[in-house]
Structure formats: structure tokens, C-alpha cells
Amino acid sequence: MLTSFCGIYFSDINDCLTNPCHANAVCQNTPGSFTCACTVGYSGNGFNCVDINECNGDPCHANAQCTNTVGSFLCQCNSGYSGSGFLCTDIDECANPVLNNCHQNANCLNIPGSYQCQCNVGYTGNGVQCADINECLTGTACHTNANCTNTEGSFECVCREGYVGDGINCADRDECKDNPCHVNAACENRDGSHRCYCKSGFSGNGQSCA
């Protein structure tokens, strides 16, 4: 560049050719001088430039980790989240069996950034491992006058012979209403059973009277 002074032309020297600025700065030549400015990600006067730790300003999402790099930074979503690091959304691990290790007899509960496994009713364990509960061993599942049968994840109650009900509640069945005894015998209902005895003037076991 030519500069005129009193009719005399001078050629401007490009001071930037000698690299007077810091390695992480940009040199701008000006008439008779130059300026130095630190590049993005650095701070200083252009002759001395230091890396800016952008992570101090929390530039990433609340559910992301910030990593400072030379002249820049990286944002990475935490485990259990997906996105750019500037925006992170929760991953529903329960929606994809590949993303959770819950047992087949467990319920998967999605929570922010993770998930929980809970064994279904009738099973016990930590949700990753679930074993069938034998409710019949507790002695409280069915009525005292019912038989308990353990099933996978549940149980069945059946009233014993001589009783009626759903197994949870059992009442004595009055067998005498069905006339189980001989025509010449009397029927006596008992708890869970009955007794047949021949009437006066007859002999036998109540089922047969002569």
C-alpha cells in the first residue's frame, strides 16, 4: 500500500508478515501499524492469549457434562439422556427391552435418567431377579378349612370336603339336606361332616338299616 506525505509516496510495510501476535491471535495490518486480537475461545491482548474455560459459565444442559478443550468445549448428555449436550431428553429405558434388565416377572418404572425394576405381585426379588412366592407356606392365604395350591405368581384355594365357599371363606355344608342316610336313619350334621344313625327299632350303620 502506498501512502502520500508531502507529495512523496511511501510503501506501507505489512507488519503481520513477521507474526508479531500470539499463535492463537489474528493479526490485522493497518497503515503504519497492526492490531492483534485473540481468536474465539481465548482471552488476552493479542500478544498473550490464554484458553477460556467455557465450562465455568455452564453452557451445557443441566443433564449434561461440560469438557473444556483448547479454544473450545464439548457438551455430552449424561447416562440415561440423549441429545446434543445443549438439549438433553430422558431415555425411556422401559420402552425398549434392550435398554433394561428387568425380569420377565417384573415391572419396569422409568425415572429421570434411569429406571427401576419391581417384581410383580406374587414374586419376590430385586426386580432383576424375581422368584415365585409360595403363598401357601404362609398359612394365611386360604381359609383354615380350605386346601391351598401354589401357582406361578399366585395361588388357588379350594374348600375341603364338607365345606362350601370360594376357598378364602369356607362355611360348613349341611350334608343332611341331601338326605345321605338310609330312609330309616336320622342324619346329624357336624362341622365339615355328618353322621347317620339308625332310628329306634332298626340296626345298622346309618347307611343301611334293617
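**Cysteine links and their surroundings**

A: The link between C181 and C196 is left-handed, with -75° about the S-S bond. C181 sits in the loop between β18 (170-172) and β19 (185-190), while C196 belongs to strand β20 (residues 193-198), so the link connects distant parts of the chain, 15 residues apart. Strands (E, at least two residues) and helices (H or I, at least four) are DSSP runs, numbered from the N terminus. The sulfur atoms of C181 and C196 are 1.8 Å apart, and the two residues are joined by a disulfide, meaning a pair of cysteine sulfur atoms within 2.5 Å.

The model is a predicted one, in which local features need pLDDT of at least 70 and side-chain atom pairs count only at pLDDT 80 or more, while totals for chains, interfaces and linings use all residues. Residues are numbered from 1 along each chain as its sequence is written, and side-chain values use heavy atoms, with hydrogens and water left out.

C181 has a relative accessibility of 15% and counts as buried. C196 is also buried, at 11%. Buried here means under 20% relative accessible area, exposed means over 50%, and partly exposed lies in between (1.4 Å probe, protein chains only).

The structure holds 15 disulfides. One of them joins C198 to C209, with 2.0 Å from S to S. The link of C198 and C209 is left-handed, with -90° about the S-S bond. C198 lies in strand β20 and C209 in the segment after β20, and this pair links distant parts of the chain, 11 residues apart. Both C198 and C209 are buried.

Another disulfide joins C77 to C88, where the S to S distance is 2.1 Å. The torsion about the S-S bond of C77 and C88 is about -90°, so this disulfide is left-handed. C77 is in strand β8 and C88 in strand β10, so the pair ties together parts that are 11 residues apart in sequence. C77 is buried, with a relative accessible area of 14%, and C88 is buried at 6%.

Aromatic rings also form pairs. Rings of Phe, Tyr and Trp (its six-membered ring) pair if their centres lie within 6.5 Å; planes under 30 degrees apart count as stacked, over 60 as edge-to-face and the rest as tilted. By this rule there are 2 aromatic pairs. F34 and F47 form an edge-to-face pair, 6.3 Å centre to centre with 75° between the planes. F34 lies in strand β4 (residues 33-38) and F47 in the loop between β5 (42-44) and β6 (49-51), so the pair ties together parts that are 13 residues apart in sequence. F34 is partly exposed, with a relative accessible area of 24%, and F47 is partly exposed at 45%. The ring centres of F73 and F86 are 6.1 Å apart and their planes stand at 80°, so that pair is edge-to-face. F73 lies in strand β8 (residues 72-77) and F86 in the loop between β9 (81-83) and β10, so parts 13 residues apart in sequence are tied together. F73, at 22% relative accessibility, counts as partly exposed.

N29 is in strand β3 (residues 25-30). Leaving aside neighbours within four places in sequence, N29 is in contact with D12, I13, N14, D15, C16 and F34. The side chain of N29 reaches the backbone nitrogen of D15 at 3.1 Å. N105 lies in the loop between β10 (88-90) and β11 (106-111), and N105 is buried at 18% relative accessibility. With neighbours within four places again left aside, N105 is in contact with C119, N120, Y123, C130 and E152.

Finally, the chain as a whole. It is divided into domain 1 (1-52), domain 2 (136-173) and domain 3 (175-209), with bounds from an automatic or database domain assignment. The centres of domain 2 and domain 3, taken over C-alpha atoms, are 28 Å apart. Between these domains, 5 residues of domain 2 are in contact with 7 residues of domain 3. Domain 2 and domain 3 bury about 440 Å² between them, 27% of it on carbon and sulfur atoms. Y163, D172 and R173 supply 86% of the area that domain 2 buries against domain 3, more than any other three residues. Buried area is the accessible area (1.4 Å probe) that two parts lose on being put together, summed over both.

Note on methods:
Contact = heavy atoms within 4.5 Å. Polar contact = N/O pair within 3.5 Å; in protein donor to acceptor, adjacent residues only side chain to side chain.
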